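User: Could you walk me through some side-chain interactions here? I'll ask as I go.

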Amino acid sequence: METGKKQVDLGERFTFAGTGEVVSYTTIQDPPEGYEDQAPYVLALVKLDEGVMITAQITDLDSDSVQIGDRVEMVTRKLTTEGARGMIIYGYKFRKILPRQ
């Protein structure tokens, strides 16, 4: 009797630089359940330098708002807290690339 195990070809590994450009964005006023404490927040379509487009939250915004064409970089940030023990879930977000001083 066969167990049904299958070998999956994951393809070639690829590492993204983590930088790109804002193609489109919107401000979320009425967030999904579990993200109410973050509203309002900016959600953007980011075209990575390698050509792939992803959706991501834009973080670390002060009085400057995000604009189409802004250069952004990936950062690790808290996404949410889950469960009675308050486990923190981290993930990627993007922020405007900071000017070098």
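User: Let's start with Gln38: which backbone oxygen does its side chain reach?
Analyst: The side chain of Gln38 reaches the backbone oxygen of Leu79 at 2.6 Å, and Gln38 itself lies in the loop between β1 (19–28) and β2, strands being DSSP runs of E of at least two residues, numbered from the N terminus. Leaving aside neighbours within four places in sequence, Gln38 is in contact (heavy atoms within 4.5 Å) with Gln57, Leu79 and Lys93.

User: What should I know about the model and the numbering?
Analyst: This is a predicted model, in which local features need pLDDT of at least 70 and side-chain atom pairs count only at pLDDT 80 or more, while totals for chains, interfaces and linings use all residues. Residues are numbered from 1 along each chain as its sequence is written, and side-chain values use heavy atoms, with hydrogens and water left out.

User: OK, salt bridges. How many does a search of the whole structure find?
Analyst: The search finds 5 salt bridges, each being a side-chain nitrogen of Lys or Arg within 4 Å of a carboxyl oxygen of Asp or Glu. One of them joins Asp49 and Arg71, with the closest N and O atoms 2.8 Å apart. Asp49 lies in the loop between β2 and β3 and Arg71 in strand β4, so this pair ties together parts that are 22 residues apart in sequence.

User: And which partners does Arg95 have?
Analyst: Arg95 forms a salt bridge with Asp60, where the closest N and O atoms are 3.9 Å apart, and another with Glu73, where they are 2.8 Å apart. Salt bridges that share partners join Asp60, Glu73, Arg77 and Arg95 into one network.

User: Switching to aromatics, how many pairs turn up in the whole structure?
Analyst: The search finds 1 aromatic pair. The ring centres of Tyr92 and Phe94 are 6.3 Å apart and the planes stand at 85 degrees, so the pair is edge-to-face; rings of Phe, Tyr and Trp (its six-membered ring) pair if their centres lie within 6.5 Å, and planes under 30 degrees apart count as stacked, over 60 as edge-to-face and the rest as tilted.

User: Is Phe94 buried or exposed?
Analyst: Phe94 is buried, with a relative accessible area of 1%, whereas Tyr92 is partly exposed at 41%; buried means under 20% relative accessible area, exposed over 50% and partly exposed in between, with a 1.4 Å probe and protein chains only.

Notes:
Helices (H or I, at least four residues) and strands (E, at least two) are DSSP runs, numbered from the N terminus. A polar contact is a pair of N or O atoms within 3.5 Å; within protein, one must be able to donate a hydrogen and the other to accept it, and residues adjacent in sequence count only if both atoms are side-chain atoms.
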